[in-house]
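These are my notes on a structure that I had not examined before. I recorded what I looked up, entry by entry.

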Amino acid sequence: IISVREEEEENGSRQRDDGSWKKIREREGKDLLYVERCQQHRWRCAEVTFTCSDEAVCQHWVSSIREQLASNTSRPKHLLVYINPYGGKRQGKRIYEQKVAPLFTQAGISTSVIVTEYANHARDHLKMEAELKKFDGVVCVGGDGMFSEIIHGLIWRTQIDCGVDPNSPEEALSPCSLRIGIIPAGSTDCICFATVGTNDPVTSALHIIVGDSQPLDVCSVHHNNMFLRYSVSLLGYGFYGDVLSDSERKRWMGPARYDFSGLKMFLTHHYYEGTVSYLPARGIIGTPRDATRVKTVLAAVTSKVKSVCLGFFHPESSGEWRTIRGKFLAINAASMSCACPRSPKGLSPAAHLADGTTDLILVRKCSRFNFLRHLLRHTSKDDQFDLTFVEVHRVRRFRFMPRHCQSDSDLELDLHENSKRQIFSQICKDHPACGCAPAYSSWNCDGEILTHTAIDVRVHCQLIKLFARGIEELPVFEDLTNPCAI
Ligand SMILES: Nc1ncnc2c1ncn2[C@@H]1O[C@H](COP(=O)(O)OP(=O)(O)OP(=O)(O)O)[C@@H](O)[C@H]1O
């Protein structure tokens, strides 16, 4: 239920402004505005009118429903809204004013709206100025870049308020108490798609109004004990890093730049040498190779996950670091499925949203044909990890050291292992004109390029919460004879 409205109607007929008379239905009634599920995870507002001849009974219905709604503590009452007027097709302000604000008003939610004036305005306002105690949640109207600003501001501010050093990779970060809502108004809106199942402003507004809550893991990325960024979806080195770097230079092409750079990087077929070390996740539910898509809420309520998050069981002390050295076409860490309209299964279809792990996918050097097979499997039913040159590990922490950053002793070890190739690669490094692969790629961190390649990544279990509920299993709701559906 979104809201309830009384309708007091006179019996008989009423004179209009223009002097004519309008026939009025004879009733006392109340209109109830509620959420209706539509196709493809969309939600819409629907209205139903209950009529009653006894005015006192009617009043009782209205006041009971209003009391119930007001006593529901999970529903937000005051929201801080940031609108990026330049995101996507520059429709953020219009989308908010026409589709979202009227719903918030009907649901009795008060808002404080800030239209951003420059990049990082929202992040800095949250970090330093916002009076967070006044609000039950923060809403961003924009795309993934805008969402990233919000989480950077909110996580940072929470740590400072709680006396935690956000720069230290060893500190356990404090979870943010305010929930975040995403009204999609960007070009890709991947986070919204992966957590709600659709990119639709009205659906997102309704998830906010009914007070949904979806915890989300966040990865902190450090370089030499220096904080770089937070990531909630994809950290990609090699192929996905190169596609982003190349597409950034072609912004003038619009959204077509992603296809262009994707094709170009596929044909270029660069591979990169380096060392990946990781801490495998223990005591978790499922594996990255699970056939069925994971119900994200399951992870949030399972007691084992809870105990890990609350620190009763220290996962890092119970595991041993493992190391893999090699040549990789892509190194991807997917903290969520990374599903989007183009790749409905995503990079890691069985990734949980909130179990304190990320799926580390290593694509070793292989032929173009094989790499294409792997990429195509993201859009088909076949298992994209069932290939000899692909491996996937569910991890709590990982580090990457590109070969050009490795210490002399590491390089000497490599030299002994593969001396002939080493000589060639040295010649090529000194002579870029020979056209061999560059020494290093860059990291694509949720769509932003990182300034360093040697990184230390740690997953923080359920650090933030969204106004969402994960992607719903539709068959349950389509089957109206099933009592659970109701
Ligand atoms: N007022 C502003 N002027 C210029 N840039 C802004 C402003 N407000 C926010 N930004 C920046 O604009 C960038 C892009 O915004 P946003 O993510 O909303 O849209 P998008 O890039 O089109 O969508 P997506 O990230 O989903 O592809 C963000 O990185 C954000 O920091």
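I took helices as DSSP runs of H or I with at least four residues, and strands as runs of E with at least two, numbered from the N terminus. Residues are numbered from 1 along each chain as its sequence is written. The model is predicted: local features need pLDDT of at least 70, side-chain atom pairs count only at pLDDT 80 or more, and totals for chains, interfaces and linings use all residues.

**Entry 1: helix α8.** I checked the length of α8 (residues 256-268). After α8 comes H269, with a positive phi near 55°.

**Entry 2: helix α4.** I repeated the check on α4, whose 19 residues should span 27 Å at 1.5 Å a residue; the end C-alpha atoms lie 27 Å apart, in agreement. G163 follows α4 and has a positive phi, near 75°.

**Entry 3: α3 against α4.** I used axes that are lines fitted to C-alpha atoms, for helices over the stretch in contact, with angles from 0 to 180 degrees between N-to-C directions. The axes of α3 (residues 121-129) and α4 (residues 144-162) come within 8 Å and cross at roughly 15°. The two helices are therefore roughly parallel (angles under 35 degrees). Residues count as in contact if their C-beta atoms, placed from the backbone, lie within 7 Å. On α3 the contact includes A122, R123 and L126, and on α4 it includes I150, L154 and W156. I noted six nonpolar, three polar and five charged residues there. In these classes Ala, Val, Leu, Ile, Met, Phe, Trp, Tyr, Cys and Pro are nonpolar, Asp, Glu, Lys and Arg charged, and the others, Gly among them, polar.

**Entry 4: α2 against α6.** Helix α2 (residues 92-106) and helix α6 (residues 201-209) pack at about 30°, with axes 10 Å apart. That makes α2 roughly parallel to α6. I found I95, K99, V100, L103 and F104 of α2 meeting P201, V202, A205 and I209 of α6. This contact has eight nonpolar residues, no polar ones and one charged.

Methods: Angles under 35 degrees count as roughly parallel, over 145 as roughly antiparallel, 65 to 115 as roughly perpendicular and the rest as oblique. Two residues are in contact if their C-beta atoms, placed from the backbone, lie within 7 Å. The expected span of a helix is 1.5 Å times one less than its number of residues.
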